[in-house]
Amino acid sequence: MSTVRQDAWNHDDDVLLAEVILRHIREGSTQLKAFEEVGERLNRTTAACGFRWNALIRQKYKTAIELAKQERKEYKKKNKKVQPLPMKQALTEQGESNSSQEHDLSIDSIIRYLRDMRPIEKEYVKLQKENQLLKEQAEEIEAEKQSIQQKYEALKQKYENIDEDYNVLMDIMNRARKMVVLPEKEHQMKFKMEPNGNLQRIDS
């Protein structure tokens with residue numbers, strides 16, 4: 001079975017999903033079986049159908065769901081002393097008029113909520129676009145962060161080099177300072193002129 005992206009759902013898929021689930025509720029079946037049926041018909045996974053229903057569609061069918069549950073309860077009350085029959089067979093035995101009435105009620109509920117669902121679909125598309133925009137902005141921020149990190153590392157290395165050069169320079173200056181005897185010192189340096197014109201230091 002191929003995997004279909006969630007955002008590939010269309011209006012008809014949502015309608016089918018709602019119809020199948022409401023039918024399973026009326027028949028006393030489970031939502032899991034409904035998801036499996038929809039998955040087979042739409043070539044989707046059961047999990048994808050369940051996620052779509054619970055995340056987006058179910059809240060728009062609250063009244064229809066309650067109506068389907070009520071129909072299931074009424075059906076069980078009428079047939080609690082009789083061996084339960086499949087839903088289609090039960091509808092046939094109850095008569096064509098009753099079947100048509102139940103069908104009309106379900107269609108009315110679906111039509112009402114499909115109309116209400118249109119703004120939700122637009123909002124869903126809007127949220128998808130905003131989500132994509134946020135992803136792109138996050139990627140740009142991450143790239144800028146990496147660039148700043150690289151510049152920081154380069155400046156850090158440059159600072160360390162300058163600091164090392166400064167320490168070497170200070171060491172040289174300290175050594176030179178020790179070699180110089182200032183005039184106010186007790187032992188001053190004395191020089192004399194030699195016949196050849198050179199200065200010669202005289203130790204005191």
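**Core and helix packing**

Modeller: This is a predicted model. Leaving aside neighbours within four places in sequence, Trp 53 is in contact with Leu 17, Ala 18, Ile 21, Gln 31, Phe 35, Arg 58, Tyr 61 and Ile 65.

Biologist: Which residues touch the most other members of the largest nonpolar core?

Modeller: That core has 26 residues, and those touching the most other members are Leu 17, Ile 21, Leu 22, Trp 53, Ile 57 and Tyr 61.

Biologist: Which elements give two or more residues to this core?

Modeller: They are helix 1 (11–26), helix 2 (31–42), helix 3 (46–57), helix 4 (62–78) and helix 6 (96–179). Helix 1 supplies the largest share, 8 residues.

Biologist: Now helix 2 and helix 3: at what angle do they pack?

Modeller: The angle is about 115°, and the axes are 8 Å apart. The two helices are therefore roughly perpendicular to each other. Helix 2 passes helix 3 in a right-handed crossing.

Biologist: Which residues make the contact?

Modeller: Helix 2 contributes Gln 31, Leu 32, Phe 35, Glu 36, Val 38 and Gly 39, while helix 3 contributes Thr 46, Cys 49, Gly 50, Trp 53 and Asn 54. By class, this contact has 5 nonpolar, 5 polar and 1 charged residues.

Biologist: Changing topic, where is Lys 69, and is Lys 69 buried or partly exposed?

Modeller: Lys 69 lies in helix 4. Lys 69 counts as partly exposed because its relative accessibility is 32%.

Biologist: How many residues apart in sequence are Lys 69 and Leu 22?

Modeller: They are 47 residues apart in sequence, and 8.7 Å apart in space, C-alpha to C-alpha. Leu 22 is one of the core residues that touch the most other members.

Definitions and conventions
Residues are numbered from 1 along each chain as its sequence is written. This is a predicted model: local features need pLDDT of at least 70, side-chain atom pairs count only at pLDDT 80 or more; totals for chains, interfaces and linings use all residues. Side-chain values use heavy atoms; hydrogens and water are left out. A nonpolar core is a set of buried Ala, Val, Leu, Ile, Met, Phe, Trp, Tyr and Cys residues joined through side-chain atoms within 4.5 Å. Buried means under 20% relative accessible area, exposed over 50%, partly exposed in between (1.4 Å probe, protein chains only). Helices (H or I, at least four residues) and strands (E, at least two) are DSSP runs, numbered from the N terminus. Contact means heavy atoms within 4.5 Å. Axes are lines fitted to C-alpha atoms, for helices over the stretch in contact, and angles run from 0 to 180 degrees between N-to-C directions. Angles under 35 degrees count as roughly parallel, over 145 as roughly antiparallel, 65 to 115 as roughly perpendicular and the rest as oblique. A crossing is left-handed if the near helix is turned anticlockwise from the far one by less than a right angle, and right-handed if clockwise. Ala, Val, Leu, Ile, Met, Phe, Trp, Tyr, Cys and Pro count as nonpolar, Asp, Glu, Lys and Arg as charged, and the others, Gly among them, as polar.
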